[in-house]
Amino acid sequence: MSKGKSIMVDTSRCTACRGCQVACKQWNGLPGTKTRQVGTYQNPQDVSAETWKLVRFSEGIKENGKPYWYFFSEQCRHCLEPPCVDSIGGYQPEGAMRDEATGAVIFKPASKEAPLEEVKGACPYNIPRQDAKSKEFFKCTMCLDRITNNRIPACVQSCPTGAMAFGERDAIVEMVKKRVEELKKTYPKAMALNPDEVRVIYIVTDDPKKYHQYAVA
C-alpha cells in the first residue's frame, strides 16, 4: 500500500456550510471571486486559479421519483500517479512535483511553460487551472506547508460535522472501508471513489455522476 497522507471526504456528512471553501481561501491568501447568481447556491461556479476548493451543489429526481440534493466539496485528488506532473514535466521538469513524504502534488511557477488544455486534459478530474496573467497553474496543495509542520489541512480543520478526516494513508483507507460498510446498510449504492488511485478519497451514497461530472475518474 502506498504510504504518505490521505484525506477522507464523507459526502453523507456534508451540510454544504462551505467552511472548507472559506478556510482554503483564508489560509492560502486567495482573493475573493466576483460571481453572479445563476439559480443555484453553488458559488463561484467552478474551481479556478484563485478558488482551489469548491462545494458543488447538485439536485435532481431519483429513480423512485423522490428528489435529491447532494453536496460535493471539490478539490485536487492528489493522485498516487499524477498525470498532471508528467504533462507539465514534459515541458518543464521543475514545473510540478509530488512530495515524497506526504504524496502531495505541487505545482511550481515553472508550470507556466505547459499548455492549459494539455494539462487539464491529462487530469481525469478536470482540476488544474491557469492564472490568466502569470500563466502559472494552481490547485489544492493539501496544505503541504501545514502538514509538514504537524498541522492538518485547513479545510479538514474547519469542518464542523466530521465529513473530512486527515491522516496516514493506510489509516484513512481503513476508515473509508469501515464507513462505506456502515453506509451500505442504509444506502446500498454507497461507495468510495477511486480509493486505490487517489489520496483524497470521496465517499458517496448514490451514483457519482449525480454529484458532479468529474466526481469519479
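Predicted model: local features only at pLDDT ≥ 70, side-chain atom pairs only at ≥ 80, totals over all residues.

Biologist: Why is S1 called largely enclosed?

Modeller: Helices (H or I, at least four residues) and strands (E, at least two) are DSSP runs, numbered from the N terminus. Buried means under 20% relative accessible area, exposed means over 50%, and partly exposed lies in between, with a 1.4 Å probe and protein chains only. In S1, 6 of the 6 residues are buried, so this strand is largely enclosed by the rest of the structure. Both of its faces are covered: Lys5, Ile7 and Val9 are buried on one side, and Ser6, Met8 and Asp10 on the other.

Biologist: Why is Lys34 called exposed?

Modeller: The relative accessibility of Lys34 is 83%, so it counts as exposed. Lys34 is found in the loop between helix H1 (19-28) and S2. The C-alpha atoms of Lys34 and Pro44 are separated by 7.8 Å, and these residues are 10 apart along the chain.

Biologist: How do you know that S1 pairs with S8 and with S10?

Modeller: Two strands pair if DSSP finds at least two bridges between them. S1 and S8 run antiparallel and are joined by 5 bridges, while S1 and S10 pair in the parallel sense over 4 bridges. Ile7 has Phe166 as its bridge partner in S8 and Val200 as its bridge partner in S10.

Biologist: Why are S8 and S9 said to stand at the edges?

Modeller: The open sheet has 4 strands in the order S8-S1-S10-S9, with mixed pairing. Strand S8 (164-168) and strand S9 (191-193) each have a single partner strand, so one side of each is left without a neighbour in the sheet. S9 pairs with strand S10 (residues 200-204) in the antiparallel sense over 3 bridges; there, Leu193 has Tyr202 as its bridge partner.

Biologist: How do you know that S2 and S3 pair, and what lies between them?

Modeller: S2 and S3 are antiparallel and share 8 bridges; one of the pairs is Ile61 with Pro67 in S3. Their hairpin has 5 residues between the strands, and Gly65 takes a positive phi near 90 degrees there. As for S3, 6 of its 8 residues are buried, so this strand is largely enclosed by the rest of the structure.

Biologist: What makes a set of residues a nonpolar core, and which residues touch the most other members here?

Modeller: A nonpolar core is a set of buried Ala, Val, Leu, Ile, Met, Phe, Trp, Tyr and Cys residues joined through side-chain atoms within 4.5 Å. The largest such core has 27 residues, of which Ile7, Phe72 and Met164 touch the most other members. Among the elements that each supply at least two residues of this core are strand S1 (5-10), strand S3 (67-74) and helix H5 (154-158). S3 gives the most to this core, with 4 residues.

Biologist: What makes a space a pocket or a cavity?

Modeller: On a 1 Å grid over the protein atoms alone, a cavity is a set of points where a 1.4 Å probe fits but cannot get out, and a pocket is an open set with protein on both sides within 12 Å along at least five of seven lines; lining residues have an atom within 4 Å of a point. Grid points are joined across faces, edges and corners, and a volume is the space filled by probe spheres set on the points. The largest pocket holds about 300 Å³ of space. Its lining has 18 residues, and the closest to its centre are Lys62, Tyr70, Tyr187, Thr205 and Tyr211.

Biologist: How many cavities are found, and which residues are closest to the centre of the largest?

Modeller: A search of the whole structure finds 4 cavities of 30 Å³ or more, and the largest cavity has a volume of about 130 Å³. It is lined by 16 residues, of which Cys14, Cys17, Cys20, Cys159 and Ala163 are the closest to its centre.

Definitions and conventions
Residues numbered from 1 in each chain as written. Heavy atoms only, no water.
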